[in-house]
Amino acid sequence: MAAHPHGGLYAATICPMHEDGALDLDSLERHFAAVLATEGLDGLLLNGHAGEGIFLTRDEAATVVRHAKAIAPTKRVLAAVSAESTAQAAADARAARAAGADGIMVFAPFSWALGADPRAIVAHHRGIAEAAEGPVYLFQGSVGSGGLHYAPDTLAALLEIEAVVGIKEGSWETRAYEDTLRQTRALRPEVAVMASGDEHLFACFQLGSDGSAVSLAAVVPDLIVALDTHVRAGETDAALAIHRKLFALARLVYARPGHLAAARLKACLARLGRIDSPACRAPTPPIDQAETDRLAAALAPCLETRDE
């Protein structure tokens, strides 16, 4: 899968913070280094949903990019932008590129979940692509998210944007994933389709994928790499064993309410001692002890010595 020039395995990282909401840059660098110590990861996706990008200022988001490039100058770094305004998102993209981002991933503004005109969706992406002056990745959101999941006609129009080189495919449904995969292969076969529904990576990898960009790779990157390796080798039993571990953890991390996913990921990483604090920026509340314990119980099998 990683052979695709714009695909590969990316970890969608979190952004460590102090209790007062300030960036914890020491933990950030340790987090990046720990994730990329796993052989087989091709790069990082920064400032997405897991990275609390919607709560970062433009300067903070650019700082995250600079630190990532300093830690891993030879790895590919994708920076997410998710601002509601095209002008703001375009400025965010320019700042991220200036900080060293190799590509820009356009996350749909959350207001689109209420309904978005396809013309606005395409114009928004075109404006960002012009500003980014480099590779642009689409984000295909969950089928349950309303306007964050693009209908076939809208996706076709987005694929007409020359700068688009990849799609983070987070439909969170294997049928919808295959629809996106088939449509993209037919219209723009050179565009990387990266399966990115953490609970369904096994099924999507089996259908065919050019990689992934998931937040579980920020917690258990070796399992994501191993899953990819076993699927490509046709080692179905070993891949399925990994899937079952990932599924048990993912279903807790992405349980409703979904906006707590970043807090749950941080709870796991803090429990493992990989970041200093599980704090998120307000208004995201902390995860209580009972939920932290459930996450730890699901995480434990993922950390066992693996012979699959």
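## Ground rules

Residue numbers start from 1 along each chain as its sequence is written. Because the model is predicted, local features need pLDDT of at least 70 and side-chain atom pairs pLDDT 80 or more, while totals for chains, interfaces and linings use all residues; side-chain values use heavy atoms, without hydrogens and water.

## Salt bridges

Let's start with the charged pairs. There are twelve salt bridges, each a side-chain nitrogen of Lys or Arg within 4 Å of a carboxyl oxygen of Asp or Glu. One of them joins glutamate 52 to lysine 266, at 2.5 Å from N to O. The two residues sit 214 residues apart, glutamate 52 in the loop between S2 and helix H2 (58-71) and lysine 266 in helix H10 (residues 261-271). Both glutamate 52 and lysine 266 are buried (under 20% relative accessible area; exposed is over 50%, partly exposed in between, with a 1.4 Å probe and protein chains only).

Aspartate 228 pairs with arginine 232, with their closest N and O atoms 3.2 Å apart. About one helical turn separates these two, because they are four residues apart in helix H8 (residues 221-232). Helices here are DSSP runs (H or I, at least four residues), as are strands (E, at least two), numbered from the N terminus.

## Cysteines

The disulfide count is zero, the cut-off being a pair of cysteine sulfur atoms within 2.5 Å. Cysteine 15 has its closest cysteine sulfur in cysteine 280, 9.7 Å away and so too far for a bond. Cysteine 15 is buried, at 2% relative accessible area.

## Threonine 38

Threonine 38 occupies the loop between helix H1 (25-36) and strand S2 (43-46). With 15% relative accessibility, threonine 38 counts as buried. Beyond neighbours within four places in sequence, threonine 38 is in contact with Pro221, Asp222 and Val225 (heavy atoms within 4.5 Å).
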